[in-house]
Amino acid sequence: MLSLDKKAVRNNLSTFQIDIKNLFDAWRMMASISAENAFPTDMLNSLREIGALNALLSRKEGGLDLCRTSEGGRVLLTLLRRTGYVSLSLGRCLEGHVNVIRLVELYGTPEQRCKLAQALQRGILAGIWVTDGSPPVTIKHERKYYRLAGVKGFASGVAQVGLALITATTQQGHSIMVLAPTTEAGRRQLGPGKLMGMQASGTGGYDFTDVMISPDNILGSAGDYLRQPEFSAGAWRGSAVALGGMDRLIDLLRQELLDRGRANNPHQLHRIGEALTLQKTASMWVKEAAKVAYAANMEPKSVVATVNLARIAVERAALELITLVQRSLGVAAFVKGKAVELVMRDLMTYLRQPAPDEALTEAAMWFVNHDWPGENA
């Protein structure tokens, strides 16, 4: 029999899942298409209203353990997938928010975890900005404090994020993580240029020059950001968001073919069948990656290799799906500003994650000498 605490957790998770479903149903019913360069502020506020930004915290901190337990992880997968469906740009920002919470949970002090929880309870959106601009971000010890200098580029949600986890290089050449407030509008800069897709993510730069922080703002130790398995295992969350984009593309494809009276054409049915196969393949990989990311007793290298394979599988499935949609709809898929065209561009841009070849070869190197987890159990 479940203890009262466990029953409460499940009831809370069930209620939150209902909130996600209701919000998703409301989003899907919206007829209008948002401007592609406008950050989806209303959608972000809707996530705040159902408690999605702080549900990721531990139960002790007022959350639902979405980053701690396999049961919570399944709910997180749904949240990320549904968010990616309605807005890949919002999905990118939400995934970054999750990443910050996870890293603070792993490497932060109790005081840092408490401080972050308090910020999230106030509705603050956290961001993870690790790509340096020009000049790169450095950190220098000055008496009781530390002085930052330099710029972070490719900062998603630069105008919405109130707290960023960034990396900074010390005078000794080490990379450390820093939690820094990002509320000064005058420090915001334009992005690297007009992106082909994901324009609604509000990607820009942020100048940290002369920002003073206390030792309490330094997270973990040098090199922790790249520490495995978390550095690679967390990629499952980005794949979940991309899967949501695939879901949206398939719905748009089916609806347009139905509207044209072409859905029963045998060639179109063949493409729809292939599209559904790709969608299900990606879904199974994402679920497998999420499962191993929460596995307590699995060897870290096996976790990393599994998630890396999942990441590549989802990328390939999504790119194949885009090709199928283009073949099915023809020139209509390239009409700038149509929903299907916007989602394709966003998805193609979203999929450009770093070092895909390295992720694939490292996974292959592991599994050439090891069985798939649990296959011989």
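Modeller: Accessible areas here come from the Shrake-Rupley method with a 1.4 Å probe, and for residues only the protein chains shown count as cover. By that method the accessible surface of the protein comes to about 18400 Å², of which 53% belongs to carbon and sulfur atoms. This is a predicted model, in which local features need pLDDT of at least 70, side-chain atom pairs count only at pLDDT 80 or more, and totals for chains, interfaces and linings use all residues. Residues are numbered from 1 along each chain as its sequence is written, and side-chain values use heavy atoms, with hydrogens and water left out.

Colleague: What makes a residue count as buried, and what percentage of the 377 residues does so?

Modeller: Buried means under 20% relative accessible area, with a 1.4 Å probe and protein chains only, and 51% of the 377 residues count as such.

Colleague: Which residues touch the most other members of the largest nonpolar core?

Modeller: A nonpolar core is a set of buried Ala, Val, Leu, Ile, Met, Phe, Trp, Tyr and Cys residues joined through side-chain atoms within 4.5 Å; in the largest one, of 106 residues, they are Leu-148 and Trp-236. Helix α9 (residues 300-329) gives the most to this core, with eleven residues.

Key: Buried means under 20% relative accessible area, exposed over 50%, partly exposed in between (1.4 Å probe, protein chains only). Helices (H or I, at least four residues) and strands (E, at least two) are DSSP runs, numbered from the N terminus.
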